[in-house]
Amino acid sequence: MTAGMMDVVNHGPIAIVTLRRPPANAMNLELTEEIATVFQHLGQDGSVRSVVLTGQGKAFCAGVDLKAVPDFDEAQQRRMVNALNRAFYSVYSCPVPVVGAINGHAIAGGLVLALCCDWRIAVKTPFLAGLTEVRVGVPYPVAAMEVARQELRPDVARRLVLFGQNITAAAAVDAGVFDETADPVALLERALAKAGEFAALPQSAFASSKRQLRSRACEAIEAAIAGAEPLLKDWLSQETIQAAAAVLARKA
């Protein structure tokens, strides 16, 4: 199945989900909303026992599309914050195991998306992972912060969240950000093997244990989705727009 900016291919009881918004799978409104829709559907599909999430090309996901940020009006800002919370939540709370096949750069919201996966396999190529929101003046929606807080060791969260440091894939494995690595030609095969292993777990027990483990984070995200997100009224400031423009200018 191809749905807009994502491919979903069934491999027996495993669904392979591929982000495909070149060149870096950056999250615009449409892709972000599509992530939520696809994972909600997969979580309700009784034939799916596990999921592999990966990206097309040389990047896993570059996070929020900075090119779109300066043009957001207030309504679009609210829509994007809601979309981010729903997208991260749909992956993080998915009742079946989600294996991340991190095929390249995972930056800002892209790394949050990777952290939402239950098992994370990084490709053995030089790429960067980081939570760079602070560098572009973008405040964290509730879901992004809750996932980072839950999934990262405190010392790693401090370095990545507060200072926006990028780290190499190898350093990310050492820091527990990713669980293992695989050669480029073997990445998907390894991810499918882990997904198959996890698919054999008793389904209801896995879903229940996952919910218990993440209950505090999930409850906070659910409250944000229900309207308690403080950024709904004030997400992007002039500082954000200027910082985003500076980053894009350096890339150009």
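In helix α9 (residues 215-228), the buried residues are A217, C218, I221, A224 and I225. Here buried means under 20% relative accessible area and exposed over 50%, with partly exposed in between (1.4 Å probe, protein chains only). An α-helix has 3.6 residues a turn, so residues three or four places apart point the same way. On the other side of α9, R216, A226 and A228 are exposed.

The model is predicted: local features need pLDDT of at least 70, side-chain atom pairs count only at pLDDT 80 or more, and totals for chains, interfaces and linings use all residues. Residues are numbered from 1 along each chain as its sequence is written, and side-chain values use heavy atoms, leaving out hydrogens and water.

Helix α9 has 14 residues, yet its end C-alpha atoms are only 17 Å apart. A straight helix would reach 20 Å at 1.5 Å a residue, the expected span being 1.5 Å times one less than the number of residues. Helices (H or I, at least four residues) and strands (E, at least two) are DSSP runs, numbered from the N terminus.

The buried residues of α9 pack against α2, α4 (142-151) and α8 (203-213). Contact means heavy atoms within 4.5 Å. Helix α4 is itself mostly covered, with 7 of its 10 residues buried. These are V142, A143, A144, E146, V147, A148 and E151. Their cover includes α2, α3 (109-115), β8 (119-123), α5 (154-163) and α9.

L84 sits in helix α2. Its relative accessible area is 3%, so L84 is buried. L84 and V142 are 58 residues apart in sequence and 9.1 Å apart in space, C-alpha to C-alpha. Beyond its neighbours within four places in sequence, L84 contacts M27, T32, V64, P141 and W235.

The largest pocket holds about 870 Å³ of space. A pocket is an open set of points on a 1 Å grid over the protein atoms alone, where a 1.4 Å probe fits, with protein on both sides within 12 Å along at least five of seven lines; lining residues have an atom within 4 Å of a point. Its lining comprises 34 residues, of which A62, V64, L66, I107 and K251 lie nearest the centre. Two or more lining residues come from each of α2 (74-92), β7 (105-107) and α10 (238-251). Helix α10 gives the most, with 4 residues.

Notes. Points joined across faces, edges and corners; volume = space filled by probe spheres on them.
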